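Visitor: Hi! Could you walk me through this model?
Guide: Happy to, here it is.

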Amino acid sequence: SALFNFQSLLLVILLTICTCTYVRAVAPSLIDRNKAGFLGLFWMSARIGERLSPYVALACIAMAVTILIQ
């Protein structure tokens, strides 16, 4: 389970950020209509991916390298 393994939790968070950012770029109405509540997490993830995209990309590369090394 991803909750008990820190590396898996980071991987799930990174994949969520990247997926939400892509979905917002392709179909913004899907993400933008849910800004509050539980589904607001996806909107926040998309915003993080848009604003911090160089850092998210570096984190994805670092995660890929650590997974390949293991």
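Visitor: What should I know before reading any values?
Guide: This is a predicted model, in which local features need pLDDT of at least 70, side-chain atom pairs count only at pLDDT 80 or more, and totals for chains, interfaces and linings use all residues. Residues are numbered from 1 along each chain as its sequence is written, and side-chain values use heavy atoms, with hydrogens and water left out.

Visitor: Thanks! How many helices and strands are there in the chain?
Guide: The chain has 4 helices and 0 strands; helices (H or I, at least four residues) and strands (E, at least two) are DSSP runs, numbered from the N terminus. Read from the N terminus, the order is α-α-α-α.

Visitor: And what does the C-alpha trace span along its principal axes?
Guide: About 40 × 25 × 15 Å. Of the 70 residues, 17% count as buried, where buried means under 20% relative accessible area, exposed over 50%, and partly exposed in between (1.4 Å probe, protein chains only).

Visitor: Let's look at α3. Why does its end-to-end distance agree with what a helix should span?
Guide: Helix α3 covers residues 40–51, and at 1.5 Å a residue its 12 residues should span 16 Å, which agrees with end C-alpha atoms 16 Å apart. The expected span is 1.5 Å times one less than the number of residues.

Visitor: Which residues of α3 are buried?
Guide: G40, S45, A46 and G49. Their cover includes α1 (6–26), α2 (28–32) and α4 (53–69).

Visitor: Take S45, then. What is it in contact with?
Guide: Leaving aside neighbours within four places in sequence, S45 is in contact with T16, I17, C20 and T21; contact means heavy atoms within 4.5 Å. S45 is buried, because its relative accessible area is 13%.

Visitor: What about F42, is that one buried or partly exposed?
Guide: F42, also in helix α3, is partly exposed, at 32% relative accessibility. Beyond its neighbours within four places in sequence, F42 is in contact with T16, C20 and I31. The C-alpha atoms of F42 and I17 are separated by 7.8 Å, with the two residues 25 apart along the chain.

Visitor: At what angle do α1 and α3 cross?
Guide: Roughly 90°, and their axes come within 7 Å. Axes are lines fitted to C-alpha atoms, for helices over the stretch in contact, and angles run from 0 to 180 degrees between N-to-C directions. The two helices are therefore roughly perpendicular; angles under 35 degrees count as roughly parallel, over 145 as roughly antiparallel, 65 to 115 as roughly perpendicular and the rest as oblique.

Visitor: Which residues meet there?
Guide: T16, I17, C20, T21 and R24 in α1 meet F42, S45, A46, R47, I48, G49 and E50 in α3. By class, that contact of α1 with α3 has 5 nonpolar, 4 polar and 3 charged residues. Ala, Val, Leu, Ile, Met, Phe, Trp, Tyr, Cys and Pro count as nonpolar, Asp, Glu, Lys and Arg as charged, and the others, Gly among them, as polar.

Visitor: New topic: how do α1 and α4 pack?
Guide: At an angle of about 140°, with their axes 11 Å apart. That makes α1 oblique to α4. Q7, L10, L11, L14, I17 and C18 in α1 meet V56, A59, C60, M63, T66 and I67 in α4. The residues of this contact of α1 with α4 divide into 10 nonpolar, 2 polar and no charged.
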